[in-house]
Amino acid sequence: MFHLRTCAAKLRPLTASQTAKTLSPNRPAAARTLGQVRCYSAPVAAEPFLSGTSSNYVEEMYYAWLENPKSVHKSWDIFFRNTNAGAPPGTAYQSPLPLSPGSLSAVARAQPLVGAQPNVDKLVEDHLAVQSLIRAYQIRGHHVAQLDPLGILDADLDSSVPADIISSTDKLDLAVFKERLRMLTVGGFYGLDESDLDKVFHLPTTTFIGGQESALPLREIIRRLEMAYCQHIGVEFMFINDLEQCQWIRRKFETPGVMQFTSEEKRTLLARLVRSTRFEEFLQRKWSSEKRFGLEGCEVLIPALKTIIDKSSENGVDYVIMGMPHRGRLNVLANVIRKELEQIFCQFDSKLEAADEGSGDVKYHLGMYHRRINRVTDRNITLSLVANPSHLEAADPVVMGKTKAEQFYCGDTEGKKVMSILLHGDAAFAGQGIVYETFHLSDLPSYTTHGTVHVVVNNQIGFTTDPRMARSSPYPTDVARVVNAPIFHVNSDDPEAVMYVCKVAAEWRSTFHKDVVVDLVCYRRNGHNEMDEPMFTQPLMYKQIRKQKPVLQKYAELLVSQGVVNQPEYEEEISKYDRICEEAFARSKDEKILHIKHWLDSPWPGFFTLDGQPRSMSCPSTGLTEDVLTHIGNVASSVPVENFTIHGGLSRILKTRGELVKNRTVDWALAEYMAFGSLLKEGIHIRLSGQDVERGTFSHRHHVLHDQNVDKRTCIPMNHLWPNQAPYTVCNSSLSEYGVLGFELGFAMASPNALVLWEAQFGDFHNTAQCIIDQFICPGQAKWVRQNGIVLLLPHGMEGMGPEHSSARPERFLQMCNDDPDVLPDLKEANFDINQLYDCNWVVVNCSTPGNFFHVLRRQILLPFRKPLIIFTPKSLLRHPEARTSFDEMLPGTHFQRVIPEDGPAAQNPENVQRLLFCTGKVYYDLTRERKARGMAEQVAITRLEQLSPFPFDLLLQEVQKYPNAELAWCQEEHKNQGYYDYVKPRLRTTISRAKPVWYAGRDPAAAPATGNKKTHLTELQRLLDTAFDLDAFKNFS
Ligand SMILES: Cc1ncc(C[n+]2csc(CCOP(=O)(O)OP(=O)(O)O)c2C)c(N)n1
Ligand SMILES: [Mg+2]
């Protein structure tokens, strides 16, 4: 009812000012026309069709008529003219003369007859029906598009035809088609009947099927809709909330004759298909028993990617970063990235020796970086394929992060120069949650890469599993709908249709800078790999596949029949490429050594020496001058812009910071400020990302100030530190760990001259990003040679907060360290500490002082190489009055302390010390408090292990030797099967040649990381402290 009233109001005469307000800016002509037109004044009630939904349609007609009376059907023109001429209610409508097909001129002959009796209901209803029909095709046409090259499956897992579409599933069967039309028309869904097929209908502005024509007979409307939406391309886009974007897509797919290719383009496409197909055939001939995850059944992927790259290059892109799974990877390396074929072939040689350090990876996981000229556009293009693990889709956020970094470093703020392409398998795209997490980064200001082109190799199977068992959504691509990405499904056996959608996808990205999906509906000619028997599980599908003519053959026959190429030319193209492969194969025999370095996805020019070594094996002091410390401290405790009102509570925090600076001390937040601020001065970009990092989960950081009076006005003092400083990026992330950590890892890959940090809200949440840790951060260098300096800040500490929020699971990180617990390294080696760092797979620290935290952050950049750094960060220590560091320990000449030795009374008379307690992190403060309370400062020494891994054998040996009469104990607040004990104990024993036991003072083993009961927590703590200071505690075990 409300709707009706609104419509009625809209259709009453408009005043000039109302018109100006109501009409959208892209209808300027209307305002001009209206001045001359007497207002539309027929009382609403008298025209029954001016009600309900039909009034929307009438309204649209009215506006169109106002703009240009010729743009609407003649009958409407007459109707509006009659009403403007003052026709009495109910008499303005005059039905058009009956039409025979094509006789549009009959409409033109119709004259306005004010006062004639109209059949208004029928006309409006028919137009509404046609409009609904058009819309039905736009929304659901893809459900009946012929997408499966095998012709046996339904890409949307549904064989039914939507109830509002006229198309039959088998368009060749005219009888079925007619029957369907009858069902939907005669008294059916649309109320049209067969006689309406030849009536002419005005087309709404939301369709482009008319081309130059604004009206078409219904028969032709249906035919054109079928052509646009139900052939080999299924366009899914009507969920997009933006009218302009929808119109853009409609124009691209509906405009008659829009899919035309020149002979030259067809020949290029054929040549690319030849390469793609013959490459796999060559590998199959030479290494028939090797796994290669071939592309057979989706050979069109190669020309598809090349089209996306060509088109993007034409639009200004000069760097494309790609991520892809196993399927067709070698082919992409060879024919898209253009890796030398001999380098690929030699990988099949099992006698090839590995030249580089590290354990390497299988050939279909390696990355690649290549700069070349794009032959189609004659422009430079750099292509990088990011190395990836088996874990499907895990590389998605990594590619995005690397893309963002490359955009950032070349000032490409809109993604016009650098873009990413992500490839997916159908089962993985639907099944892996990381796909969703990555999509949700796509439009966030600090994470957007301004549009990724996604290409799905939808072979309608995942290993042995049918799609019906692998997903609950109609298409594998439905996840992309959440970000309003258009999805173009296409039958891969129609190479031209594939090229067309790829072209449109690339144009979409360069026009709207948003994600887009190309779904290549194809098949997999072999088993999951070449050794696998698909007939065990998909017998009927594979019977059909055996009969399926390869796409190259089909397309070549088509072009020969069209006279675009002749048979000898085609055959010559094939033998030319076969010769290229054979020659490369011959050369590949000369390769004796496999250089993984040749497979780097991200070179760091200038960072290493020419042969890839660090420029030195030392690390300068990480200290700073007093001036620098003071300056950073002052900025950190002020608001560096005018007229900016901060929250009163924050003023107090900044004031406290100012007092710390005056007293020449830092707390945790200030230590971080000092590290970041000084690196920015030295030109190092810093990016801190994670959930709520801007303020800090524990409200200690406050790197972004918010004006209390002006909405969204913020200030980042860190960016006001120095003239010409490097930029500081601090960004609250989406609530994702897997996606965001992967992204930051990718960001850190791009350049060694950036400190990229990811902070977990609480350390235990890192386990939802475990795959990034296990597959990339821990073994990345060993597998792919590329170093990475990412920093993980993992809040950790047993503070009675329950099983979650307590443990960042140090045991897991330590268990994955590559150092040998049983081998004592050569402690006299020059630069022992740096060599240890160079050899390790990552560095694990738990700092007990802000100063050490400051040093380790700076060391991360001042080292001549890059290693991931895992830092267990404190919670209660952020505000602990003793957790402070004096400027004196941060001045030039100071360093990160891998071990902080006892420096109290025990250290003065070490012979008297009866127990040497080793610990790490926050428990140190509990231990010193307890020791003081018990008055045991002379008997018990406490040594802090700040760098857990690489294990500081050298410094710990010194400590043990210093206290010859002390028994040794490791104290931790974590449970015995967790924390550090299992890592530290064997190494400590190795350090002292197993001369003494290493006792344990800590919580008992447990399944959960912490108790949920506060009282139990405190009891446990007291028990471990009792053990630590009970000098008889281990007597019975000796
Ligand atoms: C995260 C993950 N889980 C399981 C696997 C094991 N696996 C390898 S390939 C594959 C099927 C992949 O199917 P799809 O994504 O459709 O790609 P296709 O092989 O068909 O090209 C599976 C389950 C994996 N590699 N990664
Ligand atoms: Mg598949």
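Modeller: A polar contact is a pair of N or O atoms within 3.5 Å; within protein, one must be able to donate a hydrogen and the other to accept it, and residues adjacent in sequence count only if both atoms are side-chain atoms. Aspartate 426 makes such a contact: a polar atom of its side chain lies 2.5 Å from an oxygen atom of ligand 1. For arginine 327, a side-chain N or O atom is 2.8 Å from an oxygen of ligand 1. For asparagine 459, the distance from a polar side-chain atom to a ligand 1 oxygen is 2.9 Å. Ligand 1 has 580 Å² of accessible area on its own (Shrake-Rupley method, 1.4 Å probe), and the protein covers 74% of it.

This is a predicted model: local features need pLDDT of at least 70, side-chain atom pairs count only at pLDDT 80 or more, and totals for chains, interfaces and linings use all residues. Residues are numbered from 1 along each chain as written, chains are lettered from A and ligands numbered from 1 in written order, and side-chain values use heavy atoms, without hydrogens and water.

Now the shell. It holds 15 residues (a heavy atom within 4 Å). Ser390 and Ala428 are among the closest. Helix α16, residues 426-431, gives the largest share, three residues (helices are DSSP runs, H or I, of at least four residues).

Next, the magnesium ion, ligand 2. Its protein donors are Asp426 (OD), Asn459 (OD1) and Ile461 (O), lying 2.0 Å from it. Donors are N, O and S atoms within 2.8 Å of the metal (3.2 Å for Na, K and Ca); water is not among the atoms, so sites may look incomplete. The donor spacing in sequence is D-x32-N-x1-I.

Terms used:
Helices (H or I, at least four residues) and strands (E, at least two) are DSSP runs, numbered from the N terminus.
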